[in-house]
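Please take me through this structure in the viewer, one selection after another, and tell me what is found at each stop.

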Amino acid sequence: MFFYAARRFGLALLILFVAVTVMFLMIRAVPGDPVQIMLGPRATPELQARLTAELALDQPIIKQLMIFYGNMLQGDLGIDVFSGRSVTTIVFQQLPHTLWLIFASITWSASLGIALGAYAAAHPNTAIDRAAAAVSVSFVAAPAFVVALLSLLIFAVHLQWFPAIGAGEGFWDRLNHLVLPAFAIGLSWVGYIARLVRASMLEVMGESHVRTARAFGLSERRIVLIYALRIAILPVVTVIGVGMGFLLSSAVFAEIVFARPGLGKLVIDSITTRNYPIVMGSVLISTGLFVISTALADLINAWLDPRARAAR
Amino acid sequence: MSDTLLELDCLSVDYETSRGDLKALRDISFDVKKGEIVGIVGESGCGKSTLISSILRLTAPNTRFREGEIRFKGRNLLAASEKQMRDLRGADMSIVFQDPMQTHNPVLTIGRQMLDIQHRSRSPKAEKLARAARMLGALGIPDPEARLKQYPHEFSGGMRQRIAIAMALMSEPDLLIADEPTTALDATLEVQIIERLQELQREMNCAVLFISHHLGVIAELCDRVVVMYAGAVVESGEVREIFHNPKHPYTRRLIDCDPGHIKTRARVLPTIPGEVPDLAALPQGCVFRDRCTQAMPHCAAQVPPLSKLEEAHHAACWLNHGEVPA
Amino acid sequence: MADMTVELQKKTRSELGQILTGVARDPLGLMGLVIVGTIVFCAIFAIWIVPYDPVAMNIKDRLQGPSTSHLLGTDQLGRDTFSRVIMGGQVALKVALPAVFGAMAIGLTLGMIAGYGPRWLDNFLMLLFDTIRSFPTVMFALAVVALVGPSLQTVVLVVMATSIPTYGRVARTQTLTLQNSEFILAERSMGASMARILGVHMLPNIIGVLAVLAAMDIPTVIALEAGLSFLGLGVKPPTPSWGALLKDGYSLIRQTPWLVVGGGLPIIVATLGFTFLGESLRDVVDPKLRKQR
């Protein structure tokens, strides 16, 4: 398990390393003065001079790349054009809002999806199963930001059940503000996860070891909930890990629609004010988040499934 | 007959399919006495699997019990509720399945699974685990306490089948059903496991219904044999009688085709030509007729009854009837 | 050899017919076909369908509700929402189709090279694919837009770049599987060139699976284009895009609900249509794929 984890995180680091390189080359591929491009038109001359010195633009490109890596390793993602504060600090200040939103979204949708899928698999081809399947397909199709806008229109503006904007103060108010955005982000996941769980559950229930469990008189409840579901949710873990990218993207939109603080709002605001260091920093941090979450999903899978541990 | 444990009485089972009923079992009658080992022989597709899943009622949803009874300790199982069946499974009767590689849950430790199957016992967890370890030890698994913490994939096929047998015997059942338990294993392992099974069976005095197509194992292990073909019993009797004095052409061909019985070095292994008939559209008369070298006109007219030839020997073939009714 | 080619073409043509009948027989597939057909039809003949010029302003008639003259009302500049919805479909397809087919072509080529070529190249391409996939799509798009500025071409390029790895991976897996199949081994032993093996024998077998992926990818692209336009980072105004409609609708959400509905519904319907079609296609073309997704 230890070696597996080490290898998996090694791969994650390698991917992150290549990602940073791609990012660097992308900035360089745009014609013009790199300092101008990286800082945007709003930067002060002092800041430009400072970055020019830091980037060592007179040095060969390999040397520049090394300096770039060096800054990354020290957690230095640059400086905010306006306030002069470190980008890392600013991004990490906003990150918790986004993470909470993602966590809330995936928690409600995965629990409901797993329950629906397991129920549908235990009662295949019944009316409820078919209804769940039809609803699942329709929900999968709905892009999060459209759902966000429509639910804002219906539940916040017209029915006024939930607040329209902001993140709220205090625990209950925050929770109340979380409902609509988490609903919008999670909706398509419910159907997706339900379908996934139903399919893998049906497959597992047909496997020999389930017949063995039945032959020993274990209760159907125990067989479904412990013997089969534990195997059937393995793909869900992977899908959520890989889906971190989608979740982040949805969160960006939900934060804009509901005017919530967070990574998405930070990036969009920074693009409008042409505060490029913050944009780049946020993109790198979210890439890191994604890489870590896929690695984590693999580790959780390995922990849940002893076969995966042995196979790799 | 108070020493009869399991009794099948004219059992007929169909599978409902889109192309009509599949007559998987027809008119099956035989019994298993307490502490006895009965072998069931036949090619694949002869209904052995349907037979054991019917006894345990682990049948597919499209299974229909058309006729007959399955009596266990005098009680008709076909009339029992699902709850009553569950109480029997893994307690009074248990089963060892064919493929040891698929039979255990891959994500739970062996110890956890052996603990879970003792769900009826009220003993403390430590005691249950100790019992599991004792059982594994009895099946010849070294260092059983440590191995309880391992997952199925960490065991070889032979080891997994030993575990499966240990699990099946842990409740000291009255009846153990073994569905080709050694088919997936190589010959030396097969002998070892069969010997262990025999020892434990004697110790516990449980009856065994042993399904196999390996005649050598059947001859070695069993007291009596039931030969099945295309969903029906064609011959049954004491093991010695069946092997030395087979009365049904199918049994004779089966013995001839068994690699263990071929003494001269043949270039080609003998086989029985032809195929098992389609169970959805059975021909009239004897089901073995098309593949039988001794078929007579009368075989096409009427199904031969399973008739008593000697005290412990039944066969279903018109050849044993001296004068064939016209 | 010529005979074989003719045979192959005949086979593919009848196969295409079979696939379409299969899709049409599935209720969801039929619904998908109808929706997608309608969208494509409206996009092609948009200029003749729209009752008003979608960019013509008419301040007198601003922010109207639905009526017989304006089916979906008008926006803050008095532009007819229905006309903008129809034209928006054209814009959505203009982004989605080149992006998806471009990504498919490049992904196919790279994937086949990875599967067929030397080991080191395979490893390198896979690492590159994994890396590109690890940029969250929207974040990546935002970074690019920030660097080079918003435009239709930027959206197409970003979508292409981010979805190439998906096609590449599938094409690689298929190539690896086919490589060891008997007919490819037989061709090889007869000394067929690499180009011939890849082009004549592998391509027809891989393209079906990729087409299914592409059908299911189109809604994602449509949503991304609409999303970027909603943020004001996609197509530039006054080009009518569903996303731009939503952007206007969002700022006027307390005055009129019709802009949000007019922009949101077509996205949901289009997504549904392409998803139904894609899933139905998948079941008909390759039922095994069902498990992989």
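Begin by selecting chain B and colouring its two domains, whose bounds come from an automatic or database domain assignment: domain 1 covers 4–92 + 174–276, and domain 2 covers 103–172. The C-alpha centres of domain 1 of chain B and domain 2 of chain B lie 26 Å apart. Before going further, note that this is a predicted model, in which local features need pLDDT of at least 70 and side-chain atom pairs count only at pLDDT 80 or more, while totals for chains, interfaces and linings use all residues. Residues are numbered from 1 along each chain as its sequence is written, and chains are lettered from A and ligands numbered from 1 in the order in which they are written.

Return to the two domains of chain B and select the contact between them, to which domain 1 of chain B brings 13 residues and domain 2 of chain B brings 14 residues; two residues are in contact if their C-beta atoms, placed from the backbone, lie within 7 Å. On the side of domain 1 of chain B, helix H7 (residues 187–204) of chain B gives the most, with six residues; helices (H or I, at least four residues) and strands (E, at least two) are DSSP runs, numbered from the N terminus. That side of domain 1 of chain B has eleven nonpolar, one polar and one charged residues, where Ala, Val, Leu, Ile, Met, Phe, Trp, Tyr, Cys and Pro count as nonpolar, Asp, Glu, Lys and Arg as charged, and the others, Gly among them, as polar.

Next, select strand E1 (residues 4–17) and strand E2 (residues 20–33) of chain B, which pair in the antiparallel sense over ten bridges; strands pair if DSSP finds at least two bridges between them. E1(B) and E2(B) form a hairpin with two residues between them, and Asp14(B) can be found opposite Lys23(B) in E2(B).

Now show chain A beside chain B, where the contact takes 22 residues from chain B and 19 residues from chain A. Helix H2 (82–88) and strand E6 (93–96) of chain B are the elements that give two or more residues to the chain B side, which by class has nine nonpolar, eight polar and five charged residues.

Finally, turn to chain C and chain A, whose contact draws 33 residues from chain C and 39 residues from chain A. On the chain C side, H6(C) gives the most, with nine residues, and the classes there are 24 nonpolar, seven polar and two charged residues.
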